[in-house]
Each structure stands twice: as structure tokens, then as C-alpha cells.
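Please look over the sequence and the model before reading on.

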Amino acid sequence: MFDLPGSWVWDYWFADDGETYHLFFLYASRALHDPDARHYRASIGHAVSTDLVEWTQVADALVRSDAPAFDDLATWTGSVIRHPDGTWFLFYTGSSLAENGKNIQRIGYATSRDLLTWTKSGGPVLEATGPWYEKLDSDAWHDEAFRDPWVFADPERNGWHMLITARAPEGPVDGRGVVGHAWSADLRDWELREPLSVPSDDGFGQLEVFQVEVVDGRPVLLFSCLEGQATPARRGSRGGTWAVTADSVLGPFDISAAYPLTDDSLYVGRLLRRREDGQWLLFAFRHADDEGRFVGGVTDPMPVAWHGDRLVAKGATRPERSS
């Protein structure tokens with residue numbers, strides 16, 4: 001697994017340059033003492049590996065900007081993709097505080113030629129706007145949720161799509177989490193579009209850290225949400241990472257059909273296809289121990305396979321305790 005003795009490590013994402021795997025991750029110093037304080041001290045670290053097990057930390061990718069800026073509080077989760085001209089794009093969440101002390105999230109990007117040295121674009125390219133997405137002034141949620149951009153090429157080669165953790169302005173307060181959506185022709189300029197899912201009475205308050213892939217011929221969407229941030233219909237499930245199948249990587253996604261891929265000991269499940277044999281693998285960060293305390297650190301890979309209509313990963317849940 002990837003761990004840092006002096007820092008908490010949590011949300012993360014991958015890039016594969018064809019020879020080396022790159023791990024980008026959020027981290028913050030354990031000197032904060034309270035793991036809940038880590039969010040507003042987050043930087044984006046970087047590590048490399050050739051086998052997805054042994055990782056070497058290299059120079060950080062990004063840190064927060066000097067104020068005033070859309071990312072002057074923290075830099076949060078994102079994704080990396082390569083433009084056909086060879087430029088790597090790192091899309092990330094910029095966090096800042098409103099006058100009332102609540103968090104506002106916007107999306108920006110940085111570019112690189114080698115995945116090592118990154119240059120920010122200078123400002124956000126997307127933020128929550130009506131009528132599709134809930135704004136901070138609704139006072140329905142603890143922040144303006146608009147984060148965790150997952151960017152991928154259009155399957156018909158018509159530009160690129162971005163999935164975004166967002167909330168709808170209507171529906172049950174703890175079921176308004178939706179799959180936000182945007183489109184771009186060039187990865188630089190983005191057009192915000194309507195969500196690819198709808199709020200639900202058996203949904204979630206937030207759908208964190210999206211990823212969509214075609215695993216062995218079947219499109220599947222991954223997201224994360226804890227029990228306390230979901231509707232009453234989802235209480236008692238102890239889910240951490242959730243999965244839902246669809247007809248296409250562009251949905252539409254029936255979030256009411258989501259099932260747990262991990263329990264709450266693991267969070268932010270990510271899929272990566274191993275280059276050498278094509279095996280799909282699941283990673284996650286260690287969220288909570290048996291006492292409910294935050295742990296941190298990215299797991300070793302866990303092979304996944306379809307069991308009927310569900311994706312299953314070996315080792316993704318705690319063993320059942322004997323009575």
C-alpha cells in the first residue's frame with residue numbers, strides 16, 4: 001500500500017504514461033492532530049510505480065494558490081488525461097471560503113508535458129450554476145458541492161466529458177446528490193450541461209469521486225458516500241464505495257440501483273486496468289478502523305470480476321466476525 005508516516009493520505013487518482021504508473025493523492029500533515037482538519041490543508045502529492053505495489057514519492061503536483069484565488073484554501077480531488085498533442089491535463093477542485101465561512105468549490109486545471117512539473121491555468125473553468133445545480137445560498141447543505149472532476153474522451157470521439165460531484169436544487173435534502181456533467185471540445189473551455197442522474201428518495205446527499213469505465217464490456221459508474229450522508233432508505237448499509245451499471249459511460253445513471261462495492265472501512269474506490277495482462281483492479285483508501293477512527297493510505301490492488309450483475313472485488317469488505 002502507499003502510506004506516508006508523517007501525513008494522512010486520502011483521495012487519489014491515477015495516470016499511466018505507458019511505462020510508469022502515476023499516483024496523485026491528497027495529503028496533509030498529521031501534526032494537525034485532528035484528521036477532520038486535513039481537508040483545509042490538502043495539497044496534491046505525487047508518487048510513481050512500475051508494478052502498482054511499490055511506490056516512490058516524487059515532487060508534489062499542486063498546492064493552494066495565494067489569496068485571492070478560487071483555490072486559496074485547498075486543492076482537492078481530480079483526474080488526469082492526455083490531450084492528443086501530448087499535453088497532460090490535471091483537472092482538480094479548488095476550494096475557497098465564502099464570507100459566511102462555508103466552502104465553495106470550483107474546478108480548474110493545470111498542464112504538464114512530463115507529469116512532473118505542472119502549470120495552473122490561472123482560474124476556474126467551471127462552477128455550480130442554476131437551474132441544474134444547487135448553490136451555497138440555498139442553505140440546504142454544508143457547502144457548495146461542485147468537485148471531483150472525472151474527465152474522459154467521448155466514445156464517439158466528439159470531445160471530452162466531465163463528471164462532477166454536485167447537488168440538484170430540489171428533491172429530498174439528503175438525496176440531492178447527482179452526476180454533474182460538462183463537455184469540452186478541447187479540454188480548455190467547458191460547457192456545463194444538465195446532470196446525468198436525478199435526485200431520489202433512496203439516493204445520497206453527495207456522490208463523491210466519480211469514475212466511469214467499461215469493465216469487461218460493461219459500463220459501470222463508481223462513487224463514494226457514507227451512511228450518514230444518505231437518505232434513510234440507505235441507512236444501515238455501511239457502504240463506502242458504490243457501483244451502478246448503465247447502458248453507456250454517459251448514463252443515464254439510476255442512482256437508486258447503486259450497490260456497495262466496499263464497506264465503510266474503504267473509501268474512494270478507483271479502477272485501473274493493469275497494463276501487462278489487462279486485469280481490472282480496485283484500489284481504495286483506508287477510511288476507518290474497527291473503532292471508527294480515520295486511517296488513511298492507499299491500498300494494494302484488488303482484482304475485480306463480475307458476479308452476475310454486480311462487480312465484486314476480493315478483499316474490499318471486512319471479514320464477518322465470528323459470534
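The side chain of T262 reaches the backbone nitrogen of T241 at 3.0 Å. The model that shows this contact is predicted.

- T262 is placed in the loop between β18 (259–260) and β19 (266–273).
- The relative accessible area of T262 is 1%, and buried means under 20%, so T262 counts as buried.

**The nonpolar core**

- The largest nonpolar core has 59 residues.
- Within this core, Y12, F24, L90 and W118 touch the most other members.
- Leaving out residues up to four places away in sequence, W118 touches F24, A61, L62, V80, W88, F89, L90, A110, T111 and S112.

**Aromatic pairs and clusters**

- The structure holds 19 aromatic pairs.
- One of these is formed by W13 and F24: the ring centres are 6.3 Å apart and the planes lie at 20 degrees, so the pair is stacked. The reasoning rests on a cut-off, since planes under 30 degrees apart count as stacked.
- W13 belongs to strand β1 (residues 7–16) and F24 to strand β2 (residues 21–29), so this pair ties together parts that are eleven residues apart in sequence.
- W13 is buried, with a relative accessible area of 0%, and F24 also counts as buried at 0% relative accessibility.
- Y133 and F146 form an aromatic pair that is edge-to-face, with 5.9 Å from centre to centre and 75 degrees between the planes.
- This pair links distant parts of the chain: Y133 is in the loop between β9 (126–127) and β10 (143–144), F146 is in strand β11 (residues 146–153), and they are 13 residues apart.
- Both Y133 and F146 are buried.
- Which residues do ring pairs link into a cluster? They are Y12, F14, W55 and F283.

**Arginines over ring faces**

- R38 lies over the face of W10, at 4.8 Å from the ring centre.
- R275 is placed over the face of Y21, and the distance from the ring centre is 4.3 Å.

**Salt bridges**

- Side chains of opposite charge can pair when their charged atoms come close.
- How many salt bridges does a search of the whole structure find? The search finds 17.
- In one of them, the side chains of E134 and R176 meet at 2.7 Å, N to O.
- This pair links distant parts of the chain, with E134 in the loop between β9 and β10 and R176 in the loop between β12 (160–167) and β13 (177–184), 42 residues apart.
- Are E134 and R176 buried or exposed? Both are buried.
- The side chains of E144 and K135 also meet in a salt bridge, at 3.4 Å, N to O.
- E144 is buried, with a relative accessible area of 4%, whereas K135 is partly exposed, with a relative accessible area of 28%.
- D277 and R274 form a salt bridge through their side chains at 2.8 Å, N to O.
- D277 counts as partly exposed at 47% relative accessibility, and R274 is partly exposed with a relative accessible area of 23%.
- Salt bridges that share partners join R106, E127, K135 and E144 into one network.

**Two residues in the loop between β20 and β21**

- G297 lies in the loop between β20 (280–286) and β21 (302–307), and T299 is found in the loop between β20 and β21 as well.
- G297 counts as buried at 0% relative accessibility, and T299 counts as buried at 11%.
- Leaving aside neighbours within four places in sequence, G297 is in contact with F2, D3, V9, A284, F285 and R286.
- T299 touches M1, L266, F283, A284 and R286, not counting residues up to four places away in sequence.
- G297 and Q206 are 91 residues apart in sequence, and their C-alpha atoms are 22 Å apart in space.

Definitions and conventions
Residues are numbered from 1 along each chain as its sequence is written. This is a predicted model: local features need pLDDT of at least 70, side-chain atom pairs count only at pLDDT 80 or more; totals for chains, interfaces and linings use all residues. Side-chain values use heavy atoms; hydrogens and water are left out. A nonpolar core is a set of buried Ala, Val, Leu, Ile, Met, Phe, Trp, Tyr and Cys residues joined through side-chain atoms within 4.5 Å. Buried means under 20% relative accessible area, exposed over 50%, partly exposed in between (1.4 Å probe, protein chains only). Contact means heavy atoms within 4.5 Å. Rings of Phe, Tyr and Trp (its six-membered ring) pair if their centres lie within 6.5 Å; planes under 30 degrees apart count as stacked, over 60 as edge-to-face and the rest as tilted. Helices (H or I, at least four residues) and strands (E, at least two) are DSSP runs, numbered from the N terminus. A charge sits over a ring if NZ of Lys or CZ of Arg is within 6 Å of the ring centre and within 35 degrees of the ring normal. A polar contact is a pair of N or O atoms within 3.5 Å; within protein, one must be able to donate a hydrogen and the other to accept it, and residues adjacent in sequence count only if both atoms are side-chain atoms. A salt bridge is a side-chain nitrogen of Lys or Arg within 4 Å of a carboxyl oxygen of Asp or Glu.
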